[in-house]
Each structure stands twice: as structure tokens, then as C-alpha cells.
Amino acid sequence: MSDLGHILRKTRQEKKISLDDLQEVTKIRKRYLEAIEEGNYKVLPGSFYVRAFIKSYAEAVGLDPTEVLNMYQTTNPSPAVEKPVVETIRNNRTSVRNTEKLSRWASGTMFVCFILLIFGIVYYYTYKNYKGTPADENPSSQTQSPRITDSTNPATGTAPSTTTNASGDGKVAPLATPTPTPVPTPTPSVQVKFSSSEKGVDNYTITGASNLNIQMKISGSCWIRVDSLTETGGKEMLRQKLYKAGDTDSFDLTGSAYLNVGAASALELTVNGTIVPVGDTPNPKRVQLNLQKN
């Protein structure tokens with residue numbers, strides 16, 4: 001057994017992750033996982049897949065994939081470029097790119113619908129204020145001042161031509177001016193918007209909120225690690241766990257967060273009340289949530 005294989009196996013056993021669980025998370029065949037732990041890389045289909053499988057293994061057990069690959073490269077220098085043998089896992093890169101395009105399209109559509117909703121609310125309140133209440137439409141019936149000489153003079157049989165106030169000083173009493181109804185100002189809403197995808201990490205920007213609220217619902221076996229991001233760009237691990245179907249979890253943070261998901265299709269992610277699409281394939285996914293406070 002190689003030193004690298006010993007480290008990987010020891011870490012997996014410490015986290016109480018069986019080879020069957022690891023196979024479910026990484027979608028790598030169990031015999032390939034055993035070959036990696038034993039250092040028997042000849043069993044794997046090619047050097048391209050060796051590096052990809054080792055990286056997925058390291059991410060699934062919570063190790064730094066860059067350091068693990070450097071260890072592998074040190075002990076196993078790269079040979080001449082090989083043509084990878086096609087013994088594919090369930091999904092190819094094309095499906096991943098299509099999923100990312102679909103996620104961007106869905107995010108854009110949700111953003112446009114949200115803007116239309118805001119305009120609709122503003123229009124509704126503005127129209128309601130312009131139209132006014134029934135009393136405002138007929139001010140004469142509501143604001144008409146009582147007149148002392150409204151009744152007909154019994155001596156002449158005619159109504160007086162002027163209206164006087166109650167003091168009898170001959171001045172015309174002014175009509176009351178209705179007070180306009182103020183237009184309500186819409187409260188700024190929380191927005192969760194896709195911003196970019198760099199180096200395999202989907203970046204989302206959250207505005208209009210003072211805290212970052214994360215809700216997770218798990219529909220299948222899925223390893224997830226959640227880190228909080230410090231102001232200096234560092235990471236502090238909040239939780240690292242192999243979730244089962246039916247599990248839920250939540251986090252309420254005052255800053256940004258970083259999620260490393262083993263099987264994206266098994267996770268329903270909601271951020272500040274907005275569903276964030278992470279993909280419909282069982283591939284690993286990394287998401288960074290950037291909270292921008294006002």
C-alpha cells in the first residue's frame with residue numbers, strides 16, 4: 001500500500017465512511033476506490049482518470065484535493081500523454097455544461113420575474129392612490145359645510161343667495177380641502193443573483209439582507225461541507241457531514257459562505273427564501289454565497 005493510499009483510507013475510516021457510501025457520493029466504482037487505497041493504479045483506465053478519481057476521493061473525505069494531487073504527482077511522475085480509455089462514469093462534461101447553462105437561464109428568468117413583481121406592486125399602490133376612495137371621488141357629499149340659511153325664508157318663500165358662517169358676520173365659510181393619501185414606498189427586497197462561474201465555483205450575490213440564511217433539504221445520500229468566509233478571504237469550517245435522504249439543515253450567518261457538495265442532485269438549497277439551483281446530476285458542486293450588506 002502506498003503512503004497516499006494509506007492516508008486516504010485512514011481519513012475515510014476516521015470519518016466512518018464505508019466504500020459503499022464513498023461509491024454513492026463520488027460515483028466511482030468500488031474496485032477503483034480499493035485500487036487507489038492500495039496504490040494499484042494500473043487497474044484504473046488511465047492516468048487522466050487516476051488524477052480525477054483521486055481528486056474526487058479527497059473532496060469526498062474532506063481533504064485538500066490540491067495537496068493530495070501534489071503528493072500523487074511527487075510519487076508518480078506523469079508519463080507520456082495517454083489517450084483516456086472510455087470507461088465513463090454516469091455523466092460527461094457536456095451534461096455539466098448544459099446544467100450550468102440551464103442554471104444561469106433559470107436564475108435570469110427568476111430575476112426578471114422578481115423585477116416585474118416589484119413594478120406591479122408599485123403600480124398597484126400608485127393606481128389605488130390616484131383613484132382614491134369613494135369619499136374622495138365625491139367631495140361635495142362629505143365636505144359640504146352646514147348652512148344656517150339653508151331653509152327657505154317663510155316670509156318670502158325664497159332661499160337666501162349667500163351662505164354665512166355660524167358667527168353671523170356675513171363671511172362665506174370655506175370648504176375643507178381633502179388631505180391626499182401618501183403613496184407607500186416599497187420596502188427593498190432581498191435579491192439572490194447568479195454573478196459568475198470561475199474555476200468550477202458558482203458565485204451568487206445576496207443583497208438587501210443583513211444576514212445570510214441557508215436552508216438545505218437532502219433527498220439522497222450526499223456529503224456536504226459548509227464553510228464561513230472571513231473578511232481576509234479565509235475559510236472556517238462550520239460543518240462536514242454525510243447526509244441521508246430526508247435530512248435537513250440550516251445556517252444563519254452574518255457573512256458569506258462556501259459550500260462543497262458531493263452530489264448536487266441530492267440537495268435542495270434555499271438562500272434567504274430563494275431556491276438556488278445547484279444542478280440535477282449527481283456530480284460534485286461548489287457554490288459561494290457572497291453577502292453584500294448595505
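This is a predicted model: local features need pLDDT of at least 70, side-chain atom pairs count only at pLDDT 80 or more; totals for chains, interfaces and linings use all residues.
## A helix and its neighbours

In helix 3 (residues 30-38), the residues Tyr-32, Leu-33, Ala-35, Ile-36 and Glu-37 are buried, meaning under 20% relative accessible area with a 1.4 Å probe, protein chains only. Helices here are DSSP runs of H or I with at least four residues, and strands are runs of E with at least two, numbered from the N terminus. The buried residues of helix 3 pack against helix 1 (3-14), helix 2 (19-26) and helix 4 (47-61).

Residues are numbered from 1 along each chain as its sequence is written, and side-chain values use heavy atoms, leaving out hydrogens and water.

The protein chain averages a pLDDT of 79, a score of the predictor's confidence in each residue from 0 to 100. Confidence is lowest in helix 8 (residues 139-143), with a mean of 47, and highest in strand 6 (residues 248-253), at 95. Where pLDDT is low, the coordinates should not be read in detail.

## Two nonpolar cores

A nonpolar core is a set of buried Ala, Val, Leu, Ile, Met, Phe, Trp, Tyr and Cys residues joined through side-chain atoms within 4.5 Å. The largest one has 29 residues, and Leu-212, Ile-214 and Ile-224 are among those with the most contacts inside it. Its largest share, 4 residues, comes from strand 3. Apart from this core lies another, of 26 residues, including Ala-35 and Leu-242.

Note on methods:
Buried means under 20% relative accessible area, exposed over 50%, partly exposed in between (1.4 Å probe, protein chains only). Contact means heavy atoms within 4.5 Å.
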